[in-house]
Amino acid sequence: MELELRDYVRIIVKRIKLIVALVVLLAIITAVYSYGFMKPVYESSTSLIVNNSQDTRALDINSVNLDIRLVDTYKQIIKTAAITDKVAERNPELGLNGDQISNMITVSSVSNTQVITISARNNDYVTTVTVANEVAKMFVEQIPTIMTVNNVSILNEAKLVDNPSPVAPNPILNIALSIIVALMLGVGLALLLEYLDDTIKDEQDVAQYVDLPVLMSIPRITQEDMEIGKAKVKTVRTEVGSNVTVTK
């Protein structure tokens, strides 16, 4: 059976309570989890610059291109054990090993630039600042030994601030995404229930499925209708009783 747009609208309206209940339930669960159980994640960044010449006036296009090509190599070296293990050894107070530090940091660069950014993420803000700065310092110290070149310097270090803002989680975004997902699930569930429901409930179903004319329909009697009917019968009996004259 091919459904038209109005049929989809009718199904959604018919199951609107189910859809709304699913949206509210999933939004509440997401809000409780985001605000109550998810730990805040902080991020700190340090920037390096790859520059083979200390005198910017002596820069030429060949040296700049060479430095840019070296950036991708440096990005890979920063996350290796040659750097992260030494950071862990120098900073035992962090309680982290080289692999954990490597997983904490992200190394990035803007295309065709000589700037490398080292970002560290962790639930502890002070740890992110320390790791970002220490990895940058260790890389600057070790690169002359690893690559036999000395063309990297720290552009700016991560600094501690009084009231850092976490980069994650974002409860508002999580709730918005949960509402969208719940709407999709609710509509899908409504369509599935309608597809599985093969009962005939009203004259529209008779005309649609059986293709026969409807001669008569009996409306559903609710409890409210029953109460109204009883009240009317009681009223009629009272009126009839009051009009009866008893003679001796």
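Predicted model: local features only at pLDDT ≥ 70, side-chain atom pairs only at ≥ 80, totals over all residues.
Q: Why is Asn151 called buried?
A: Buried means under 20% relative accessible area. Asn151 has 2% relative accessibility, so Asn151 counts as buried. Asn151 lies in the loop between α6 and β4.

Q: What makes the pairing of the Asn151 and Tyr74 side chains a polar contact?
A: The limit is 3.5 Å between N or O atoms. The two side chains meet at 2.8 Å.

Q: How do you know that Gln114 is buried?
A: The relative accessible area of Gln114 is 18%. The cut-off is under 20%, so Gln114 is buried. Gln114 sits in the loop between β2 and β3. The side chain of Gln114 reaches the backbone oxygen of Val50 at 2.6 Å.

Q: Why is the pair Lys14 and Glu194 called a salt bridge?
A: The rule asks for a side-chain nitrogen of Lys or Arg within 4 Å of a carboxyl oxygen of Asp or Glu. The closest N and O atoms of Lys14 and Glu194 are 3.2 Å apart. Lys14 lies in helix α1 and Glu194 in helix α7, so the pair ties together parts 180 residues apart in sequence.

Q: What makes Glu194 and Arg15 a salt bridge?
A: Their side chains meet at 3.9 Å, N to O. The limit is within 4 Å. Arg10, Lys14, Arg15 and Glu194 are linked in a network of salt bridges.

Methods
Residues numbered from 1 in each chain as written. Heavy atoms only, no water. Helix = DSSP H or I, 4+ residues; strand = E, 2+ residues; numbered from the N terminus. Buried < 20%, exposed > 50% of the residue type's maximum accessible area, 1.4 Å probe, protein only. Polar contact = N/O pair within 3.5 Å; in protein donor to acceptor, adjacent residues only side chain to side chain.
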